[in-house]
Amino acid sequence: MGVSYLSALSLSTGMRILLVEDEIKTLFFLRQGMEEQGWTVNTAMEGDTGFRLASNDDYDVIVSDITLPGMSGLELCAQLRNRGIRTPILMLTALSDTDDKVAGLEAGADDYLAKPFEFRELLARVKALARRPTTSVRPEKILQFSDVIIDLNAKKVTRSGKEISLTPREYALLEFFLRNPGVVLSKVAIAEKVWDLNFDTGTNLIEVYVNYLRNKLEKGFDKKIVHTLFGQGYVLREE
Ligand code: CA
């Protein structure tokens with residue numbers, strides 16, 4: 001039995017689930033089944049209660065019905081995403097309607113299951129969401145690369161513990177780099193993500209800002225971290 005099996009096992013037995021469902025029989029049935037997996041299940045029967053619980057506590061996965069009294073499952077989902085809460089969300093609905101599925105995914109849900117479903121199908125979906133490496137289980141607070149740290153809440157940047165003062169644009173640029181370590185970022189991608197612009201090849205805006213950032217981030221430190229790849233763009237790498 002390998003380490004990966006063990007870690008997957010411990011992940012799936014210790015999970016915390018928020019279940020939002022207004023149909024009491026379904027709620028009890030799902031809760032019981034999940035508790036039999038060794039999961040901790042908190043429940044809400046209204047969207048507003050679900051939103052409050054999800055905002056105040058950390059869950060591995062949220063399972064929510066779409067049609068709920070008060071705030072709907074879609075609103076619940078959209079409002080959590082607006083708050084920067086990225087907990088994976090599995091939406092349930094009685095309607096196997098494509099429009100509902102699209103609406104759910106647009107609201108920021110990660111997966112979708114139409115009722116009636118088999119319970120083991122729900123378990124498999126929940127486990128898959130909890131394992132997904134791209135979704136963070138808790139809202140992100142810190143981004144780190146090498147000795148550079150961004151505190152996303154305080155919008156504070158430090159390198160080796162020394163605070164570095166950046167303009168909002170330089171900060172956005174650094175955040176984009178830290179979210180993509182080791183990835184070659186083209187000027188086009190940077191212009192779109194950081195400036196929300198279509199890249200005009202006549203401008204040296206990106207070079208100028210990358211240089212501002214380097215001056216603040218690398219002066220007085222041994223290692224360079226933002227590297228230019230001629231004709232390709234930039235890459236965050238420790239060298
Ligand atoms: Ca319902």
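Is phenylalanine 28 buried, exposed or partly exposed? In this predicted model, where local features need pLDDT of at least 70, side-chain atom pairs count only at pLDDT 80 or more, and totals for chains, interfaces and linings use all residues, phenylalanine 28 is partly exposed, with a relative accessible area of 43%. Here buried means under 20%, exposed over 50%, and partly exposed in between (1.4 Å probe, protein chains only). Residues are numbered from 1 along each chain as its sequence is written, and side-chain values use heavy atoms, with hydrogens and water left out. Phenylalanine 28 sits in helix α2, which covers residues 24–36; helices are DSSP runs (H or I) of at least four residues, numbered from the N terminus.

Turning to the aromatic rings, a search of the whole structure finds 3 aromatic pairs. Rings of Phe, Tyr and Trp (its six-membered ring) pair if their centres lie within 6.5 Å, and planes under 30 degrees apart count as stacked, over 60 as edge-to-face and the rest as tilted. One of the pairs joins phenylalanine 29 and phenylalanine 119 edge-to-face, at 5.6 Å centre to centre and 70° between the planes. Phenylalanine 29 belongs to helix α2 and phenylalanine 119 to helix α6 (residues 119–131), so this pair ties together parts that are 90 residues apart in sequence. Phenylalanine 29 is exposed, at 52% relative accessible area, whereas phenylalanine 119 is buried, at 18%.

Tyrosine 209 and tyrosine 212 also form an edge-to-face pair, with 5.2 Å centre to centre and 80° between the planes. Both tyrosines lie in helix α9 (residues 205–218), 3 residues apart, about one turn of the helix. Together with Trp195, Tyr209 and Tyr212 form one aromatic cluster.

How values were computed
Helix = DSSP H or I, 4+ residues; strand = E, 2+ residues; numbered from the N terminus.
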